[in-house]
Amino acid sequence: MRHALTLAKKGIGKTYPNPAVGCVIVKNGLIVGEGWHKRSGGHHAEVHALAMAGDGARGADVYVTLEPCSHTGKTPPCSEALIRAGVKRVVSGLSDPNPQVNGGGLRALQQAGIETLCGVLEEECRYINRSFLKFITTGLPYVTYKCAMTMDGKIACVTGESNWISCEASRKVVHRMRADSNAIMVGVDTIIADNPLLTVRHVKGRDPLRIIVDSHLRTPESIAVLGGRMAEGTVIATIETDPKAHARYLKSGATLLVCNPDDNKVDLHDLWSKLGERGIQSLLLEGGSRLAGEALRHGLIDECVFFYAPKVVGSDGFSPFAITGATDMAHSIPFQILNVRRVGTDIMVTARPENICLPA
């Protein structure tokens, strides 16, 4: 199953809207077939593994990171392919909550006399498809907030200057995160201050959809993401309803997404729902601090990735979350540390926010 997980990770960012899945076929203690889902619309992991195993699949054990599908989509059901191949046992990492599957694949195998086992390395299998699993069960995107900061927790100097806090190796990791995400989001203040491209450059991969949260349409028409074809992949979320205010952005090719207001700014709950309706499964939130603070305060961030650089700028710098109200530790926001590793000269910390207990 660990080898199947390694295979599955090769498909992350390439299989949308499908999950990333790996499969290993074992007979007499030897791997006779393996495969992973390489792209949406292509063969699933089980089919690739069966093709490699050939006749060796008969009477073999199959290890797959997600329950084999039991419905016909762009490809035939994998459960039927396994039955036809005559495998002896199927071990899955977790069941597929997709209503079109939801245990149907395992039941089909059992009814055909194939032994099944579910839940092996479940947490690891769940994590690699966390965006798909959240989306398929809630209709909302899985949101990851990333930021680079100094050792004293500042994302910029008092002047707002932040290039470059993190090292080149960290920036490469961030661009991989972009390539693996359906959409990337920043606030209008970040757009005005930095004029970022929000594209994938340091690694191979597709550019994500670019989303600017701009409640009152302060985005300059001259910014990079509204130039040429880039505008077609840019969405501006706003509460402004005046068609005349929309026109100057629409003519560039950008899309306007009108959201419900919340205290005279974009209601992030409504924005998240609208992104889910557009099929966005994974959202990379890159700032700024006010947008990140609002998202954290409302419990809308699923995971954070912090890149700590060996630098200090002092108390005048900007914090990653512009939030107030934590007057004592009882009102602090606890995090669960998921992973800590060194990236170049930086320390990368992946953490999950837990219960939000700030005063309203």
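This is a predicted model: local features need pLDDT of at least 70, side-chain atom pairs count only at pLDDT 80 or more; totals for chains, interfaces and linings use all residues.
1. Glu122 is partly exposed, at 30% relative accessible area (buried means under 20%, exposed over 50%, partly exposed in between, with a 1.4 Å probe and protein chains only).

2. Residues are numbered from 1 along each chain as its sequence is written, and side-chain values use heavy atoms, leaving out hydrogens and water.

3. Asp189 and Arg290 form a salt bridge with closest N and O atoms 2.3 Å apart. Asp189 belongs to helix α8 (residues 188–194) and Arg290 to helix α11 (residues 289–297), 101 residues apart; helices here are DSSP runs of H or I, at least four residues, and strands are runs of E, at least two, numbered from the N terminus. Asp189 is partly exposed at 32%, whereas Arg290 counts as exposed at 53%.

4. Loops get a link as well. Glu221 pairs with Lys251 in a salt bridge, closest N and O atoms 4.0 Å apart. Glu221 lies in the loop between β8 (209–213) and β9 (234–238), Lys251 in the loop between α9 (243–250) and β10 (255–258), 30 residues apart. Lys251 is exposed at 67%, while Glu221 is partly exposed at 41%.

5. There is also a network: Asp263, Lys265, Glu294 and Arg297 are joined by salt bridges that share partners. The total count is 16 salt bridges.

6. On to helix packing. Helix α2 (residues 45–53) packs against helix α3 (residues 78–85) at about 20°, axes 9 Å apart; axes are lines fitted to C-alpha atoms over the stretch in contact, and angles run from 0 to 180 degrees between N-to-C directions. The two are therefore roughly parallel (under 35 degrees; over 145 is roughly antiparallel, 65 to 115 roughly perpendicular, the rest oblique).

7. Who makes that contact (heavy atoms within 4.5 Å)? Glu46, Val47 and Leu50 of α2 meet Cys78, Ala81, Leu82 and Ala85 of α3.

Technical notes: A salt bridge is a side-chain nitrogen of Lys or Arg within 4 Å of a carboxyl oxygen of Asp or Glu. Contact means heavy atoms within 4.5 Å.
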